[in-house]
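Subject: Structure handover

Hello,

Here is the structure I promised to pass on. Please open it beside this email and follow along.

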Amino acid sequence: MTLALPWYLQASGRSNTSYTFVYKTVNKYQNLYKDYRDSTLMCGIFGIIGSPDAAAEIYVGMLHLQHRGQDAAGLMVQDTSSPEYGIRSERGKGWVTHLFDGDKLAGMAGSMGIGHTRYPTAGCGEMSEVQPFFVQQPDGIGMGFNGNIINYQQLKKELREEQRIYLRSQSDGEALLHLFAEGYKRKEGAEAIFSAVEHINKKCVGAYSVVGMISNKGVFAFKDPNGIKPLKVGQRQTSKGVVYAFASESIALSIQGFENVRSLEPGEVIFVDANGNYHSRILEQRESAPCSFEWVYFSTVESEFQGKSVYMVRKKLGEELAAKVKKKWPDLKVDVVIPVPDTSRPAAAALANSLGVRYDEGLVKNRYVGRTFIMPHQQVREQALELKLKPIDHVLKGKNVMVVDDSIVRGTTSKRMVKLLRNSGAEKVYLLSTFPPIKHPCYYGIDFTSRGELVAADRDFDEIEKEIGADKLIYMDVEGLEKAIGQSNMCSACLTGKYPTPVDSADSLSEQRQSHQDQFDKENSIVLVVGNGAREHVITESLAKDSTVYAYMNARNPGIAKLAKDTRIGSWDNVDDIVEYAKEIKATLVVVGPELPLSAGVVDALENGGIPCFGPVKELAQLETSKSFTRSLLSKYAINASPAYRVFNSSEGLHEYLLELGEYVLKPDGLTGGKGVKVKGEHFQTEQEAIAYCEEVLAGHGKIVVEEKLIGEEFSLMSITDGKTVIDMPAVQDHKRAFDGDQGPNTGGMGSYSDADHSLPFLTKEDLDVAHETTVQVLDALKKETGKEYKGVMYGGFIKTKNGVKLIEYNARFGDPEAMNVLPLLKTSFRLVCQAVVEQRLHELPLQFEQKATVCKYVVPEEYPGKSEQAPIVVPEMSANVYYAAVDERDGQLVTTGSRAVATVGIAPSLEEAQQIAEEGASKIEGKVRHRTDIGTSGLIQKRIEHVRAL
């Protein structure tokens with residue numbers, strides 16, 4: 001049997017001139033598009049039949065639809081160069097000009113085909129998500145899709161259970177293709193197409209505009225019964241016949257000479273067969289509901305939508321806003337009106353003209369950053385915003401600036417833009433939106449499917465204005481929007497909550513999107529943790545929930561190694577090696593655990609290399625690394641939290657001051673691993689012994705701090721700060737004595753506990769308020785003293801005395817073991833907390849902790865804190881959280897390495913339950929080890945309470 005060539009191939013006589021056309025087209029538009037692609041955004045679809053150079057024309061069409069989707073693109077044609085007339089397809093992630101060149105297109109000979117530019121509202125951004133999709137049977141069907149299928153999860157389940165079809169992607173477009181194929185195989189010719197779309201209309205809930213092709217049979221296009229998404233059809237008469245094309249926007253057709261361009265009707269299906277026969281039918285038509293966001297934001301300004309010029313609609317939006325300003329705020333003093341480039345230009349110009357105010361360009365858009373709203377994930381949007389807009393200070397300085405934006409969705413762009421304008425000298429910033437407040441999710445293909453991400457969802461105008469930081473916030477109202485567009489029958493569900501279709505399955509859509517968001521965040525948040533103790537183990541555990549974690553350690557911690565994607569062993573003070581590793585893994589954030597790297601200046605070096613860090617720079621880390629610095633700081637800025645103290649550089653006057661104090665504490669000025677502090681009555685009995693120790697310290701450190709010995713109950717209050725905002729974590733009490741009953745020498749900490757109310761049984765709210773205020777005052781003093789802003793943890797070691805709460809010392813990082821009490825309770829993403837600190841947005845992020853009690857118990861070698869031999873231990877499964885410290889794994893066996901080995905943490909609604917969990921876990925660990933059994937018990941806590949009462 002011989003197949004007859006379609007009419008457009010019979011006459012085409014394909015020759016080298018066709019390939020020359022392809023090359024010229026690509027070269028011309030690659031250069032042109034460098035200027036075009038940044039000017040304008042939702043998926044773009046294009047289909048064509050009857051052109052001898054389908055690939056080149058699809059390419060041009062996709063360029064003019066690139067603004068609708070910049071995540072990925074794909075092109076599929078009927079390959080006429082082989083006898084089988086097979087399908088040729090090229091797909092990839094990125095922009096059209098990056099994916100296709102002359103060679104690639106010249107190898108895609110074809111006379112009909114489809115193209116797609118992707119804006120993902122579902123799926124994870126993997127190659128399996130990139131369209132067009134293709135199914136081999138029946139007949140070989142390709143499809144490109146714009147929209148969202150609300151009941152996708154149910155359809156996916158039905159395909160799997162009823163037809164044994166397993167989808168290769170997470171895209172609803174693939175499900176749509178299989179439903180089409182199921183309906184298509186029941187008929188022949190054009191009726192097969194109509195049958196397929198009827199099947200889709202019965203099964204699918206949502207919005208969909210589709211272009212597709214049937215191998216060797218023709219090209220089809222259709223819209224959902226409400227016509228929510230745009231789709232145009234046009235034709236071009238040639239000497240060889242009529243060329244038909246379909247596109248999301250008219251500009252993609254008119255730019256290539258197509259005429260009689262019109263929108264498909266809601267529920268309309270068009271099929272152009274291989275012989276050039278045109279078939280059209282409206283299968284089902286419900287109330288027309290074209291997306292209102294098309295006029296305001298998505299469609300490029302050169303296009304027409306629903307028969308109306310997008311440019312003219314945007315001008316009328318500006319005029320309507322001007323009328324609203326004149327009526328409600330006639331005395332508003334405005335010096336200049338500027339647009340947020342690029343969609344707002346017509347509106348801003350019309351508004352300025354109506355108000356009689358100068359119009360100017362105050363913001364310049366970086367030509368190499370795409371539209372941030374359609375970027376698929378919040379992290380990418382925020383990173384892009386840093387580069388997207390640059391101010392023109394000359395236009396803004398000293399002016400009352402009225403800035404016009406097309407819409408306000410999450411508020412991310414608006415907030416940063418207002419700050420940018422103020423930093424550039426704007427006296428006042430008035431923000432106007434040509435779109436009313438978006439209060440409800442969109443389930444039809446715009447990437448906001450939950451109320452929680454919408455800045456206007458649960459706030460009134462004043463609250464939004466305050467959140468964004470504008471001096472005046474003015475929204476278009478729904479009536480003004482309808483007047484400017486010239487119609488009311490459109491989908492404005494995101495404004496009104498009135499959806500044109502059922503939305504019963506919308507929850508699963510939001511959950512799917514959140515799942516994909518979480519997966520993306522995990523893959524693209526590359527966090528390096530520096531350190532290898534139990535503290536860093538819990539830090540790594542917290543970050544690994546939504547990040548890809550790497551670790552830089554000076555000894556291998558098996559718990560961290562199990563959580564991390566990769567590790568490097570090196571010295572903590574080898575700053576160059578840490579920076580090199582961070583750059584090698586392309587870290588987006590570094591979290592520094594121990595104090596030694598901070599004192600070595602690792603944060604300074606990383607930030608100089610452009611790598612954000614959670615942790616203070618070296619100068620600010622003196623809060624921990626220099627006891628004299630901290631005491632002098634409190635004294636200089638009159639912060640009444642210190643005991644009596646003096647700093648000595650020599651032994652001169654030392655004896656007299658010791659006698660004056662009577663009871664005292666001796667603290668070396670530098671880092672001593674928490675073990676250099678000596679106390680009278682515990683470490684020595686006479687002043688002569690104390691002076692001998694002081695002279696030893698002076699020889700090694702150069703300074704020693706002599707402080708009044710404070711009597712009371714110690715507690716830890718760790719606070720997270722970005723240099724401006726201070727947020728406290730639950731209060732914790734550490735137990736440093738080596739043995740039960742607070743006996744034996746001091747250690748690095750044998751365990752700790754926190755209560756369910758985030759306080760401690762012997763503390764009052766006033767005590768915590770005093771500690772918090774001390775940290776706030778010290779933070780302010782650090783800024784005044786150094787000119788730098790502290791970012792990280794300020795860990796205050798406080799003591800409740802008869803004279804109130806006093807400061808023992810600050811650490812510039814999380815406490816160990818205290819970190820194991822607080823971080824497992826943190827409900828807010830710790831990665832987001834760290835990012836908010838780095839970007840000084842901590843005030844935007846509510847830190848939430850579970851209302852539970854925690855008890856941590858350290859299992860240590862029997863000789864600890866003395867020198868001990870390495871010995872094997874066995875850590876079985878347990879209900880307590882387990883964090884490794886000084887242990888190694890050798891031939892599958894855990895081995896202690898001399899210091900605190902394993903921490904077990906119980907978490908429960910009450911201290912009693914938490915203590916039982918921690919104790920049970922610690923008791924299960926086998927080996928030459930021990931632990932304090934009394935930490936967290938009611939008897940020991942009662943002693944603390946009674947001690948405070950007796951003060």
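Below is what I found in it, taken region by region.

Keep in mind throughout that this is a predicted model.

**The cores**

The largest nonpolar core holds 106 residues. Within that core, the residues with the most contacts are L528, V590, F715, F814 and F830.

Set aside its neighbours within four places in sequence, and F715 is in contact with V732, L760, F762, L763, L768, A771, G796, G797, F798, I799, K800 and V805. Another core lies apart from the largest one. That other core has 49 residues, and Y297, A457, I474 and L481 are among them.

**Helix 29 and its surroundings**

Next, go to helix 29, residues 765-786. It packs with helix 25, residues 618-625. The angle is about 135 degrees, and the axes are 11 Å apart. Angles over 145 degrees would count as roughly antiparallel, and 65 to 115 as roughly perpendicular. Helix 25 and helix 29 are therefore oblique to each other. Their crossing is right-handed.

Which residues make the contact? Helix 25 supplies E619, L620 and L623. Helix 29 supplies V778, L782 and T786. By type, the residues of this contact are 4 nonpolar, 1 polar and 1 charged.

H772 is also in helix 29. Is H772 buried, partly exposed or exposed? Its relative accessibility is 23%, so H772 counts as partly exposed. Not counting residues up to four places away in sequence, H772 touches L717, V726 and D728. Take V726 from that list: H772 and V726 are 46 residues apart in sequence. In space, their C-alpha atoms are 8.2 Å apart.

**Helix 11 and helix 12**

Helix 11 covers residues 310-328, and helix 12 covers residues 345-355. They pack at an angle of about 40 degrees, with their axes 7 Å apart. That angle makes helix 11 oblique to helix 12. The cut-off for roughly parallel is under 35 degrees. The crossing of helix 11 and helix 12 is right-handed.

From helix 11, the contact takes in Y311, R314, K315, G318, E319, L321, A322, V325 and K326. From helix 12, they meet P346, A347, A350, L351, S354 and L355. The residues of this contact divide into 9 nonpolar, 2 polar and 4 charged.

An α-helix has 3.6 residues a turn, so residues three or four places apart point the same way.

**Helix 3**

Helix 3 spans residues 54-63. How many of its residues are buried? The count is 10 of 10, and the helix is mostly covered. The buried residues are A54, A55, A56, E57, I58, Y59, V60, G61, M62 and L63.

**P225**

P225 sits in the loop between strand 8 (218-223) and strand 9 (232-238). Buried means under 20% relative accessible area. P225 has 1%, so it is buried.

What does P225 contact, leaving aside neighbours within four places in sequence? The partners are N201, Y208, P266, G267, E284, Q285 and R286. P225 and S288 are 63 residues apart along the chain. Their C-alpha atoms are separated by 7.7 Å.

**Backbone details**

Two cis peptide bonds to check:

- Q131 to P132 is cis, with omega near 5 degrees. P132 is in the loop between strand 4 (110-118) and strand 5 (133-135).
- Y864 to P865 is cis, with omega near 10 degrees. P865 lies in the loop between strand 38 (853-861) and strand 39 (871-874).

Two residues with positive phi:

- K586 is not a glycine, yet its phi is positive, about 60 degrees. K586 is in the loop between helix 22 (575-584) and strand 26 (589-592). Its relative accessibility is 65%, so K586 counts as exposed.
- A638 is likewise a residue other than glycine, with a positive phi near 55 degrees. A638 is in the loop between helix 26 (627-636) and strand 28 (645-648). Its relative accessibility is 69%, so A638 counts as exposed.

Over to you.

Terms used
Residues numbered from 1 in each chain as written. Predicted model: local features only at pLDDT ≥ 70, side-chain atom pairs only at ≥ 80, totals over all residues. Heavy atoms only, no water. Axes fitted to C-alpha atoms, helices over the stretch in contact; angles between N-to-C directions. Helix = DSSP H or I, 4+ residues; strand = E, 2+ residues; numbered from the N terminus. Left-handed = near helix turned anticlockwise from the far one by under 90°. Contact = heavy atoms within 4.5 Å. Nonpolar A, V, L, I, M, F, W, Y, C, P; charged D, E, K, R; others polar. Core = buried A, V, L, I, M, F, W, Y, C linked by side-chain atoms within 4.5 Å. Buried < 20%, exposed > 50% of the residue type's maximum accessible area, 1.4 Å probe, protein only.
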